[in-house]
Amino acid sequence: MEEQKKAHVAAMESSNSYPKEMSISISNGQSDTAAPSSAGATGDEGRKWHACICGSNAFIFFSEVKGLFKQLSLLDRYLYVWIFVIMVISIVFGYYVKRVKKAFQVAEIASVSLPIAIGLWVMMYPVLCKVQYEILGQVLRQAGSMKTLSLSVVLNWIAGPAIMTGFAWATLPDLPEFRNGVILVGIARCIAMVLIWNDLAKGDEDYCAILVAVNSILQIILFTPVALFYLRVVSRGSGFHVSSWTVAKSVLLFLGVPLAAGIITRLILMNAFGRKWYTSKFLPFIGPWALIGLLYTIFVMFSIQAHQIVDNIGHVVRVAVPLLLYFGMVFFGSLALCRWLNVSYPLAVTQCFTAASNNFELAIAVAVGSFGIDSKEALAATIGPLIEVPVLLLFVYVVGFFQKKWPSS
């Protein structure tokens, strides 16, 4: 890539497209450009000089983007295509094929379809196998660990639910049932798909596991009182009821099962075959399962809700508005805050995706248990992942461009 840049600049310098007084040097992907030194430079020369600089910078930028794109595997590189295709196919399939919803909901676990639960386990298992559990204690003892955990708690349990409630009221004042469902999505902090987004964006895997564990514990303690506060006190609603056991059961099933499997797998295989074999052979083998599990989960989820989505397309579009505002504000607000606090890039990525992601499994389970499976609250909770999946996938690509420009902490 460096040779391409130098060749491009040499070609520019040999041409007459800009004054000879201008010099360009490329070093480590940065351009150091001097303006025309002649005091009598004309306006045309200045415009030519500016155009050449813009062209050179654009060449460097797109070269970096192309290089970043080529580093991804085929599955990762076109993940946005696979997700979009799966979403379309699943909605068409679920809408026109009879008894699809009944077939996928033939068995449930914690008010969530068993096929969806299986997809979540398959999706999370490879990521949790990567976590270095043996050094988590050392990571927690590092300087700045408490600041990282405190920042995560503030973003997830104070800022997140308040921002989602504010956007829900601002955009859905005349749709109280859908508004309640959106608020539930904002209160349910993510303990599953954040592992995927963090892995794709090259965040800190060990800290992500720690933050997920902290959120899991806090979810059992705080979800019910926070939900009651925003749905009954702030929104002055009624009909909401959920026990702490409902929340704990969701956490144990959708995080505890794959977490236990990941820990056991790591301990047994590393002791039996060694760390080198585990990291060079086993992890690359199971790595694609995470994205395959994600695509499978999306297919099942949207097939089940196809009629609800199509029959209420107007309300779906309206519910998407507060969700889009929330994901954008929380993610980029967290990113700006981490930059201001001089947080390292991997930790900043982990903080942003942890704060912006939501536990749609829990939100759907609580909405179904409190308001009914065909309720508008349950539909709004289902729309959550419909918006979250493509938006956070887009953020994975966007945040990658900040990596080289991120200051060292």
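Author: Valine 316 lies in helix 15, which covers residues 313-340; helices here are DSSP runs of H or I with at least four residues, just as strands are runs of E with at least two, and they are numbered from the N terminus. This is a predicted model, in which local features need pLDDT of at least 70 and side-chain atom pairs count only at pLDDT 80 or more, while totals for chains, interfaces and linings use all residues. Residues are numbered from 1 along each chain as its sequence is written, and side-chain values use heavy atoms, with hydrogens and water left out.

Valine 316 has a relative accessibility of 6% and therefore counts as buried, a word that means under 20% relative accessible area, whereas exposed means over 50% and partly exposed lies in between, with a 1.4 Å probe and protein chains only. If residues up to four places away in sequence are not counted, valine 316 touches Ile309, Ile383 and Leu386, where contact means heavy atoms within 4.5 Å. Along the chain, valine 316 and phenylalanine 178 are 138 residues apart, yet their C-alpha atoms are separated by 9.2 Å.

On the side of helix 9 the contact is made by Glu177, Phe178, Asn180, Gly181, Val182 and Val185, and on the side of helix 18 by Lys376, Glu377, Leu379, Ala380 and Ala381. These residues divide into 6 nonpolar, 2 polar and 3 charged, where Ala, Val, Leu, Ile, Met, Phe, Trp, Tyr, Cys and Pro count as nonpolar, Asp, Glu, Lys and Arg as charged, and the others, Gly among them, as polar.

Valine 212 belongs to helix 11 (residues 205-234) and is buried, with a relative accessible area of 3%. Leaving out residues up to four places away in sequence, valine 212 touches Ile191, Val194, Leu195 and Leu255.
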